[in-house]
Amino acid sequence: MSHNTAPTLFAKHGANSYGYRRFGKPSGVPLLFLQHFRGGLDHWDPAITNGLAAGREVILFNNAGVGLSSGETPSTIEEMSWHAGRFLDALEIEQADVLGFSIGGYVAQTFALQEPAKVRKLILVGTGPRAGDPTEDPHMFEHATKEVPDLDAFLYLFFGHSEKAQDAGRAFWARRHERTADLDVATSRQTMMAQMAAATEWRNVQGERFSELKRIAHATLVVNGTNDVMIPTINSYHLSQHLPNAQLIIYPDAGHAPHYQYPELFLKHSSIFLDS
């Protein structure tokens, strides 16, 4: 199975039914993917998922209320993290590596704090810590909240703005749409509003700024581009400076999704990290 052929499955825990896809080389520790703002199962880059699946099992996951998952999307990162834990319980997975992208990175950090034994290693992409520095980009919000996010929105938010970077964005867009059957459904307005509320609350300081990062002892790879217009790149430096076991990689001429702009390079870096 691959990104484009793995069937959409459902894991049930209590009243919750979580949509997911699972494929790759069976291994002792699977890699759980936590998605970006308004993203679902079909928003991942198959170059990344298939590349990582060559060496391990990967699991793409829709949190509560997202896409085909049942219920409503929670309005706090803590509740989203709780659902991630119940999803792993439903699959009887005791421990996973976790790749969190954007708001998924917020969830990944919180999950590592709430249920540390369930996490082996963390990869945090295009994300930041609680109470991080907010964006000052005047056009970010209008692109991020389009009724139907289009190619222009992705090119502006996720990629560098040079011609070469934009070409990489168009290549990603083509890869992302290669899957044509058994598709996820678009995220709802309820999901967008709940995720916005959760991201807003995430900006609030709780106690000493960045102090909770000191309690995340897991080996962590932090990745970003030089100019992240959604979650400013300075936040990746905050993560690397305050997480006790983190390393940082910044990709040149890249935006919020450097792994989609440089998929081959990201695969090398992330595979080395996960296998070491």
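# Exercises on helix packing and buried residues

In this protein, I77, E78 and M80 of helix α2 meet Q195, A198, E201 and W202 of helix α7. The model you are looking at is predicted, so keep that in mind as you work through the exercises below.

## Exercise 1: α2 against α7

**Task.** How are α2 and α7 oriented to each other, and how do the residues of their contact divide into nonpolar, polar and charged?

**Solution.** 
- Step 1. Start with the geometry: α2 covers residues 77-90 and packs against α7 at an angle of about 115°, the axes being 9 Å apart.
- Step 2. Angles of 65 to 115 degrees count as roughly perpendicular, and therefore α2 and α7 are roughly perpendicular to each other.
- Step 3. Now look again at who takes part: I77, E78 and M80 come from α2, and Q195, A198, E201 and W202 from α7.
- Step 4. Sorting the residues of this contact gives 4 nonpolar, 1 polar and 2 charged.

## Exercise 2: α3 against α7

**Task.** At what angle do α3 and α7 pack, and is their crossing left-handed or right-handed?

**Solution.** 
- Step 1. Find helix α3 at residues 103-114 and helix α7 at residues 189-202.
- Step 2. These two helices pack at about 60°, with 11 Å between their axes.
- Step 3. The crossing of α3 and α7 is left-handed.
- Step 4. On the α3 side the residues in contact are I103, Y106, Q109 and T110, and they meet Q195, A199 and W202 of α7.
- Step 5. The contact of α3 with α7 contains 4 nonpolar and 3 polar residues, and no charged ones.

## Exercise 3: α1 against α10

**Task.** Which residues of α1 and α10 meet, and what is the handedness of the crossing?

**Solution.** 
- Step 1. Locate helix α1 at residues 46-53 and helix α10 at residues 263-275.
- Step 2. Their axes are 10 Å apart, and the angle between them is about 35°.
- Step 3. The crossing of α1 and α10 is right-handed.
- Step 4. From α1, the residues A47, I48, G51 and L52 take part, and they meet P263, F266, L267, S270, S271 and L274 of α10.
- Step 5. Sorted by kind, the contact of α1 with α10 has 7 nonpolar, 3 polar and no charged residues.

## Exercise 4: two residues and their surroundings

**Task.** Are T220 and H143 buried or exposed, and what do they touch?

**Solution.** 
- Step 1. T220 is found in strand β7, residues 219-225.
- Step 2. The relative accessibility of T220 is 0%, and because buried means under 20%, T220 counts as buried.
- Step 3. Setting aside neighbours within four places in sequence, T220 is in contact with L122, L124, L243, N245, A246, Q247 and F273.
- Step 4. Turn to H143, which lies in helix α4.
- Step 5. With a relative accessible area of 14%, H143 is buried as well.
- Step 6. Not counting residues up to four places away in sequence, H143 touches D152, A153, Y156 and L157.
- Step 7. From H143 to L155, 12 residues apart in sequence, the C-alpha distance is 9.7 Å.

## Exercise 5: positive phi

**Task.** Where do A131 and D253 lie, and are they buried, partly exposed or exposed?

**Solution.** 
- Step 1. Recall the background: most residues other than glycine have a negative phi.
- Step 2. A131 is not a glycine, yet its phi is positive, about 60°.
- Step 3. A131 sits in the loop between β6 (119-125) and α4 (140-144), and at a relative accessible area of 5% it is buried.
- Step 4. D253, again not a glycine, has a positive phi of about 50°.
- Step 5. The loop between β8 (246-251) and α9 (258-261) holds D253, which counts as partly exposed at 33% relative accessibility.

## Exercise 6: the whole protein

**Task.** How many helices and strands does the protein have, and how does its radius of gyration relate to the globule rule?

**Solution.** 
- Step 1. The protein has 10 helices and 8 strands.
- Step 2. Its radius of gyration, 17 Å, is close to the 19 Å that the globule rule gives for 276 residues, so the protein is as compact as a globular protein of that length.
- Step 3. The C-alpha trace spans about 45 × 40 × 40 Å along its principal axes.
- Step 4. Of the 276 residues, 58% are buried.

Technical notes. Residues are numbered from 1 along each chain as its sequence is written. This is a predicted model: local features need pLDDT of at least 70, side-chain atom pairs count only at pLDDT 80 or more; totals for chains, interfaces and linings use all residues. Side-chain values use heavy atoms; hydrogens and water are left out. Axes are lines fitted to C-alpha atoms, for helices over the stretch in contact, and angles run from 0 to 180 degrees between N-to-C directions. Helices (H or I, at least four residues) and strands (E, at least two) are DSSP runs, numbered from the N terminus. A crossing is left-handed if the near helix is turned anticlockwise from the far one by less than a right angle, and right-handed if clockwise. Contact means heavy atoms within 4.5 Å. Ala, Val, Leu, Ile, Met, Phe, Trp, Tyr, Cys and Pro count as nonpolar, Asp, Glu, Lys and Arg as charged, and the others, Gly among them, as polar. Buried means under 20% relative accessible area, exposed over 50%, partly exposed in between (1.4 Å probe, protein chains only). The radius of gyration is taken over C-alpha atoms; the globule rule is 2.2 Å times the number of residues to the power 0.38. Angles under 35 degrees count as roughly parallel, over 145 as roughly antiparallel, 65 to 115 as roughly perpendicular and the rest as oblique.
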